[in-house]
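Biologist: Before we open the file, could you show me how to read helices, sheets and backbone angles in a model?

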Amino acid sequence: MKEIYQKTVAKPIIFVGKGLHSGKISKITILPGEEDQGVIFKRVDLKDNNLIKANYKNVSSAVLCTTLENKHGVKVSTVEHLLAAFYISGIDNALVEINSQEIPIMDGSSKEFLKVINKTKIKKQNSKRKYLRILKKIKLIDGEREISLEPNKTSLEVDFQLDYNNKIIGNQRNIINFQTDNLDEIIEARTFCLFEDIEKIKKNGLAKGGSLDNAVVVAKDKILNVNGLRNNKEFVNHKILDLAGDFFLSGFRVEGSVKCYQGGHKLTNMFLRKLLSSNFIKLYSKNNEDAISKKNLSNYTKLAVNA
Ligand SMILES: [Zn+2]
């Protein structure tokens, strides 16, 4: 059943944990959000200009994680697994206070976020949720990477394929319908990296908080985590989770069939920019199909950038 109305958390939810890239402990408090507000991050460690809207236009870096930045240069990073948890639990609006720059990585997936969010009361709001429907296929190719979205009137379906030059990861493909499929194996899928890349990533000042507790590490022919994988397609499943989190940044619930080959945060962001500027999209709310005009769309995105 598709939701007609927007939702938010009924009471505050707190998470504390290490940032994957910064290695710093941070605390986030998820507070109820206003209707039509979407998700806004508030850097409580800063006094001024500390609001950052979760919107694709505010993505300033998409290397290894999604980083959002407001016009004053204030950032929040590794937002994708929390946003995926909001997407999956049906939360539209929230104010997320954070006392540092990076969202805790928890166990590298959305499992711990959802375990708590799903136990918390979710509040239905009065405004209608806004859906984005695509009228004609849109495709983006970036080198060997490809992503496309085709009309599908009922739900978001993701067909993802990755192809790694590594014996363990290899070629994995999965097709998930976010409306009708059981999402447990998507929710629990952890972020991953190749052992041989760790040194390079750390040299770039990233993954300082990375460990076998929050990532799957793959050597040439084995997985270094003692308990191995959580499910057979954990690698591609994590990519699907990332995509759901990054799609949340569109500001709408996207209805359509996504096909993605070798994608990642950067490709998804490039695609959202193309999608939201396309003439082949229709925004509407359920029940009366009252389409939101293009003018309103530009108002929404303007709000987003100014937040
Ligand atoms: Zn991820």
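Predicted model: local features only at pLDDT ≥ 70, side-chain atom pairs only at ≥ 80, totals over all residues.

Biologist: What is helix H1 largely enclosed by?

Modeller: Helix H1, residues 80-89, is largely enclosed by the rest of the structure, because nine of its 10 residues are buried. The buried residues are Glu80, His81, Leu82, Leu83, Ala84, Ala85, Phe86, Tyr87 and Ile88. What covers them includes strands S4 (39-43) and S9 (94-98), together with helices H2 (111-117), H3 (184-187), H5 (234-248) and H6 (265-276). Just after H1, Gly90 takes a positive phi of about 85°.

Biologist: Which residues of H6 are buried, and how should I read their positions along the helix?

Modeller: The general idea is that an α-helix has 3.6 residues a turn, so residues three or four places apart point the same way. In H6 the buried residues are His265, Leu267, Thr268, Phe271, Leu272, Leu275 and Leu276. They cover an arc of only 160° around the axis, which puts them on the same side of H6. These buried residues pack against H1, strand S12 (138-142), strand S13 (145-150), H5 and strand S19 (281-284).

Biologist: What span should the 12 residues of H6 have?

Modeller: At 1.5 Å a residue they should span 16 Å, and the C-alpha atoms at the ends of H6 are 16 Å apart, which agrees.

Biologist: Which residues have the most contacts inside the largest nonpolar core?

Modeller: That core has 69 residues, and those with the most contacts inside it are Ala54, Leu83, Phe86, Ile240 and Ala244. Its largest share, eight residues, comes from H5. If residues up to four places away in sequence are left out, Ile240 touches Val158, Phe160, Asn174, Ile176 and Ile186.

Biologist: How do I read the strands?

Modeller: Strands of a sheet pair through backbone hydrogen bonds, either parallel or antiparallel. Here three strands form an open sheet in the order S6-S7-S8, with antiparallel pairing. Its edge strands are S6 (59-61) and S8 (75-77), each of which pairs on one side only. Neighbouring strands of this sheet are turned by 35° against each other on average, direction ignored. S6 is joined to S7 (residues 67-69) by two bridges, and Val59 has Leu68 in S7 as its bridge partner.

Biologist: How many residues lie between S12 and S13 in their hairpin?

Modeller: Two residues lie between them, and Gly143 in the turn has a positive phi of about 65°. S12 and S13 pair in the antiparallel sense over five bridges, with Ile141 standing opposite Glu146 in S13. S13 is also joined by five bridges to strand S18 (residues 253-261), again running antiparallel, and there the bridge partner of Leu149 is Val258.

Biologist: How should I read a positive phi in a residue that is not a glycine?

Modeller: The background is that most residues other than glycine have a negative phi. Asp36, which lies in the loop between strand S3 (25-32) and S4, has a positive phi near 65°. Leu64, in the loop between S6 and S7, has a positive phi of about 70° although it is not a glycine.

Biologist: Is Leu64 buried or exposed?

Modeller: Leu64 is buried, with 20 other C-beta atoms within 10 Å, whereas Asp36 counts as partly exposed, because it has 16 C-beta neighbours inside 10 Å. The cut-off used in this step is that 20 or more such atoms make a residue buried.

Terms used:
Residues numbered from 1 in each chain as written. Buried ≥ 20, exposed ≤ 12 C-beta atoms within 10 Å, placed from the backbone. Helix = DSSP H or I, 4+ residues; strand = E, 2+ residues; numbered from the N terminus. Contact = placed C-beta atoms within 7 Å. Pairing = 2+ DSSP bridges. Axes fitted to C-alpha atoms, helices over the stretch in contact; angles between N-to-C directions. Expected span 1.5 Å × (residues − 1). Arc of directions from axis to C-beta. Core = buried A, V, L, I, M, F, W, Y, C linked by C-beta atoms within 7 Å.
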